[in-house]
Every structure is written in structure tokens, then in C-alpha cells.
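Visitor: I am new to this structure. Could you show me how to read some of its features?

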Amino acid sequence: MKAFTALYLANAREFVRDRLAMVITIIMPLAFAGFFGMIFGQGDQAAGIRLGLAVQDNGPLSQQLVAILESPSMAESIGLTVADEEKLVESLRAGDLHAVLVLPAGLTERTAAGEAVNVPVYYDPSSQSSTGMGLGFVRSFLNQANLVAQSAPELITVDERSVMAEKQNPAAFYAPSMLGLAMLWLGVFGTAMPLVEMREKKVLRRLAVAPLSTRTVLAAQVGWRVTVGMVQTILFVAFSVLVLGLILGRQAHLILPIALLGAVTFVTLGYFIAALSPTSEAAIAIAQVVNFAMTFLSGSMFEPEFLPAALRPAMYIMPLTYLSDALRQVMVGFRPLFPLEVDVAVLAGLLLVLVPLTIKFWRWE
Amino acid sequence: MNEMALQVTDLRKSYGDLKAVDGVTFSVATGEVFGILGPNGAGKTTTVECIEGLRRPDSGEIVVLGRAFGADDPEFRRRLGIQLQSTGLYPKLTVREIMRLFTAFYDDTLETDALLDLVGLRERQNAPTAKLSGGQAQRLSLALALLNKPELVFLDEPTTGLDPQARRAIWDLVHDLRREGRTVVLTTHYMEEAEELCDRVAVMDHGHIIELGTPRELIAKYFRETAIEVDQVDGLTAEGLAALPAVGQVTEENGRFVVFSAAVPKTMSGLFDWAQAHSLELGQMVVRQATLEDVFLKITGRRIR
Ligand SMILES: Nc1ncnc2c1ncn2[C@@H]1O[C@H](COP(=O)(O)OP(=O)(O)O)[C@@H](O)[C@H]1O
Ligand SMILES: [Mg+2]
């Protein structure tokens, strides 16, 4: 344990004092996320709340609520579209609306009878306007509705339903995708290249004759890099919320576990590349090919729809595709490419394949 | 003290067609300073690194501190001190941090400050290892080999490329180790180093041990004579010198003749008589003991460097 801690700290110091490693693995991904999030993020701030309203109840309470929403004083701040529920949800998905409020059948009757009623509200969790303005507005509006209904305890409760817009806030795409890329860079530039360099400079060799088991040496190196991955994840989440204004999705508690799986998998991939590379020139070449392929074919630099059809199949063999997809889903509830379970299974499967292969091909010198 | 710290029997290691180590057998007694002397490419490093478990020998038996040595045996490694000929350290860690790191690998270690003083790196303790000079890096590497108070120490060319002062400092450390009764195996291609430090020397060339003994034994075996170095001057020839009384052999070195004599007074008086008879003005003369260098030259017909 003493040896592990000392080696872990040595790796940490070596990394923190390496400016290039810091820039590539920590600062660059954040800068990319910020850059893409900002330049493509304009125009989302349209004035006014675009609210869809579906009225399924004809009772006096509903009529009163509709009247308030249609009143001239409200018209200044909201553009109201009245239609049926299905059509409105479609518009929300197309990005034309910020939120959809449904006044369900029996609303008046049941509240009058003292029964609590769930009022469905659709919103897009990946859009700041939708979540902030749209959902926020409907929440406070329904609070007032409770006053109007003079119901105490409050009988109208909000049933929040998230709907993914086809056209989402670009930052919602870029922030988690860049976090995925950051894990890739941690693996190829933050792991493979320094390891090969340590091997060439014969540092690994010196450790090989110290009274250390291979396991301790590897655990300390992998452990430190995974720590970097976790720090990165926390920085990314903070940056996304505080600077890019993203709202975290309902599965935000899965961000760290998914990022952890991603970090371990890609750091192991880094070890695998190092094991296969006889020289640092070879490592640089392999790292660049892997990096280039993954960056552009994994649907992380731009949305997968922009990939030419001919290249689409390549997307499925890029491990980063699955990590970025999973991170988008859990961070902001972005519309999935694959079910989350598939993403996790692919990453875990890759890890299980890489570990024995890496051990097989590993060389200290 | 008869106990063996190291026994190597018929060790062999080839790289393709090249037999880097070709049937090497020797043993090292506890408390002994044992030297492996040979030119570059002789197979010294290959031999030592097979013993250290860094390279897998093709065949042969190696017994270290009384047991067959497996390459990956952390517990056993605690008893060894190893300085590699080519090695590196975390370049951005400081000297002190590196010492601390390696200290954490062992239970019983020398105190860091004392060790820094011992190898003269106290002033450089906060320098990143990448910024050390060759001699300083070598001394740090030596400190790492010594910090666990090892029973058996391997030093692979510890002074190659160092200036005389740095070399002297390392020699002093090896003398200390010997006084403390530790066993040392060191390789070198410096004759004077082997003579100065080693109780016994194996002379190695082309993967073979061609001679093995104490420096004195080797010199006595090949040179019962004393060396007389004579400046070359006009009229003085190797043939003329070889004809002098008690002379065994004459070689030329750096503009001087080296005359090996079994009886210095006889040879000298013969030389003076001859010079007078031929009206020769003799240059400088030095009388010295034969060295391992002379031995190597005699056995292999080549100079070691
Ligand atoms: N890993 C290796 N691959 C191929 N040849 C090697 C390797 N290591 C050593 N050799 C060769 O083996 C011979 C002995 O080398 P070495 O043991 O390093 O000699 P020394 O330490 O005496 O200078 C040399 O000819 C060297 O080129
Ligand atoms: Mg060598």
C-alpha cells in the first residue's frame, strides 16, 4: 500500500508538471466544448415563451385558466398555440415550442371534488429555454391556478414529461460529446504516449527491478489516470451548467459511473496501444490514427446525421460512439443513438477484451 | 565468509546469431567485490541483467543469495541493490522525491538526508532528475541501489563517462560497501577501476570469461615482469630494446616503448650501455608495475578501448 501510494503520487506529480498533458487532456476538451457550445448556441434565446395549450376539459376552472393565458397582458410574454396534445408535442419535438400544457379531461370536476389532479406538462430537458422559461412559467402558472381554484391543499400537481427536441441546443450535444473525446485523449495522449516514452527512457525498466509487483505498478498508473478522468468529468459538468447553461437530465446521477467506465476503458486502450507500439514514433502514429478515426467517425465532433452514408457503418465500430452517446443521454437527456444498456455493454465488453490482450502484449522494455 | 553470494553456471544468451553470453561460469563469495572487466560488447551487461532477472537466459543456472532467482519476486528483491547501465527516472520529479519514492518500496532504508550527503547530491535535492548532469544522475542511480542496505549490490559500469573527480567519489562509496561487508558485483571497462576496487576480476571478451583471478594473480600470471616505459627517440628501436638483457616483450604505446623486464637493474644497465655505445640521448623513463590493461592486451592482442 505504501508503494502504491508513493507510485500514485509520483504519477500525479509527473502529470501535473507536464504542461502539454494538462493542456491536451483537461483544458483542450473544455475549450472545445465552450467554443462549439457558444458559436452554435446562438439564436436559442428567442424572446417570449412559446407555449402550446391542449384543452381537454370544458369545466369553468379550465375556461378560467385559458382566459388568463389568452389575456392581452399575457400575450406580451407568451406566444400561445392552442391545438390538440399530439400535434403540440410534435411541435415541441421540432423545437418550435418551449413547453406544452395539457388541461386534462375532468380537471374541474375532480378538483371540485377535492381530488388531486396531475396536469401533464411537456418540455425539452436539453434546452435551457424550454426547461428554464417554458417549464418554469407553467409551474408558476399552475401555482396561481391553485389559488384560482382556491384549493387547499393544492390539488393541481405538475406532471412533468420530457420530450426530446429534434433540434436541440448545440451545447447539449457538444458538452457531453467533448467529455467523451476528453476520455479518448486521456487514453491515447495521456496514457499511451507517456507510457511509451517512459519505456524508451527506461523508467519502466528501473521499476521492474524494484521490489514491486507488476500489479502495483499498473494499478498506480491506471489509478492516477482514472482520477484525472473523474476530475475532468466534474469540471465538465460544472462548466456545462455554469458557463454553457445546460440543465442536467434526470439521469445525472449516472454521469460519474458512465464516465468512470469510459475512463477505465480508454486508459486501458492507451495501455493496449503502448503495448503494441515498439517505439514512440509508432505510438504517435497509432495514437493519431485512432484519434482521427474516433474523433470524426464517432459522432462526437458533429452529429452523426452529418456523416456521409458511406461512413455511417464506421460509426458503429468506434468505441467512442457509445461513450459519447451514453454521456449525452445521462448528462442532458439527449436523444439516444442506442439504448443506454447497449452503450454500457459495448464499453464493458471492449474493456473485457482489452485487458487480457494488453497483458499478453505488454512489455517493460 | 566462504558462503557464496552468487553462483552462475554455464550461462548462455544469444540474440539471433550473436552469442552475447556464451557459457559463463563464476561465483562470488559473500563480502567480495567482484569485477567483470571487458570492452564494449563483451557481454557484461547481458550477464548481469540475466542475473538480475531483467533478461531471460537461454540456458544456465543462477543462484542468488542461496536460491534460484525468479524474475518477479518482490520480497526477494528487497535484499538486492541494482544500478542499471541504462536507466531513466521520472524526469519531472526532483532528486529528493525520487529518493522518497524508492524509500517507500522498502521497510528498512537509509535516511534520505544521510544518503544525499553520501552521494553528494544535497545541493541538487530539489532539481528535477532531467536536469542532472551525467555524473549526478549516476550518483542518484547509485544512491537508489544502496538505499535499502542491500546484501548484494550490482553496479553496471558505475563510472563510465564520468570525470575523474566523480569517479573518485564512486570509488570511495564502493570502498565503504566493502568495509561494511556487502557483496558487490560491478562491471567496468576501466582497467584501473578493476584493479583499484575488485578482490577478483573476470576478464570477459566476446561472451566468454577469458581469465579469472585477483588482479595481482592475473598480472603475475601474464607479467612476471615490470614495465619500463621509454620515450621514443631517434635510433631507439623495438628490436634493439628486445635484445636487451631480461626483456620479455616490447610494445609501443602513445609514442613510448613499453619494455617488460624480468630484472629491472639488468635491463636498465644494458639500456644505458647501449645508449652510450650509440651516443643516444635517452628521453624520459618510467618504471611501473604491469597493469590489467597490459594483461588484456596480452591475452586478446587488442587494447580494451
Ligand atoms: N537486446 C539486445 N538485442 C540484440 N543484441 C543485443 C541486445 N543486448 C545486447 N546485445 C548485443 O550483445 C552483445 C553484448 O552486449 P552487452 O552485454 O551490452 O555488452 P557490454 O555490457 O559488455 O558492453 C553486444 O554485441 C550487443 O550488441
Ligand atoms: Mg554494458
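Guide: Start with a term. A helix here is a DSSP run of H or I with at least four residues, numbered from the N terminus. Keep in mind that the model is predicted.

Visitor: Where is the place of B:A130?

Guide: B:A130 sits in a loop of chain B, between helix 4 (112-118) and helix 5 (134-146).

Visitor: Is B:A130 buried or exposed?

Guide: Exposed means over 50% relative accessible area. B:A130 has 57% relative accessibility, so B:A130 counts as exposed. Now compare positions along the chain. B:A130 and B:P39 are 91 residues apart in sequence, and 29 Å separate their C-alpha atoms.

Visitor: And A:R205, buried or exposed?

Guide: Buried means under 20%. A:R205 has a relative accessible area of 4%, so A:R205 is buried. This residue belongs to helix 9 (residues 203-208) of chain A.

Visitor: Which residues is A:R205 in contact with, leaving aside its neighbours within four places in sequence?

Guide: In chain A, they are A:W364 and A:E365. In chain B, they are B:E49, B:L54, B:R55, B:L84 and B:S86.

Visitor: Which residues are buried in helix 11 of chain B?

Guide: That helix spans residues 292-300, and B:L292, B:D294, B:V295, B:F296 and B:L297 are buried in it. Their cover includes three strands and helices you can find in chain B: among them strand 3 (33-37), helix 7 (191-197) and strand 14 (285-289). Just past the end of helix 11 of chain B comes B:G301, with a positive phi of about 75 degrees.

Visitor: How do helix 11 and helix 14 of chain A pack?

Guide: Look at the angle and the distance between axes. Helix 11 (residues 255-276) and helix 14 (residues 319-332) of chain A pack at about 165 degrees, with axes 9 Å apart. An angle over 145 counts as roughly antiparallel. Therefore helix 11 of chain A is roughly antiparallel to helix 14 of chain A. The crossing of these two helices of chain A is left-handed.

Visitor: Which residues make the contact?

Guide: Helix 11 of chain A brings A:I255, A:I258, A:A259, A:G262 and A:F266. Helix 14 of chain A brings A:P319, A:L320, A:L323, A:A326, A:L327, A:V330 and A:M331. Of the residues in this contact, 11 are nonpolar, 1 is polar and none is charged.

Visitor: What does the domain assignment of chain A give?

Guide: Domain 1 covers 2-41 + 170-361, and domain 2 covers 49-162. The centres of these two domains of chain A, taken over C-alpha atoms, are 43 Å apart.

Notes: Residues are numbered from 1 along each chain as its sequence is written. Chains are lettered from A and ligands numbered from 1 in the order in which they are written. This is a predicted model: local features need pLDDT of at least 70, side-chain atom pairs count only at pLDDT 80 or more; totals for chains, interfaces and linings use all residues. Side-chain values use heavy atoms; hydrogens and water are left out. Axes are lines fitted to C-alpha atoms, for helices over the stretch in contact, and angles run from 0 to 180 degrees between N-to-C directions. Angles under 35 degrees count as roughly parallel, over 145 as roughly antiparallel, 65 to 115 as roughly perpendicular and the rest as oblique. A crossing is left-handed if the near helix is turned anticlockwise from the far one by less than a right angle, and right-handed if clockwise. Contact means heavy atoms within 4.5 Å. Ala, Val, Leu, Ile, Met, Phe, Trp, Tyr, Cys and Pro count as nonpolar, Asp, Glu, Lys and Arg as charged, and the others, Gly among them, as polar. Domain bounds come from an automatic or database domain assignment. Buried means under 20% relative accessible area, exposed over 50%, partly exposed in between (1.4 Å probe, protein chains only).
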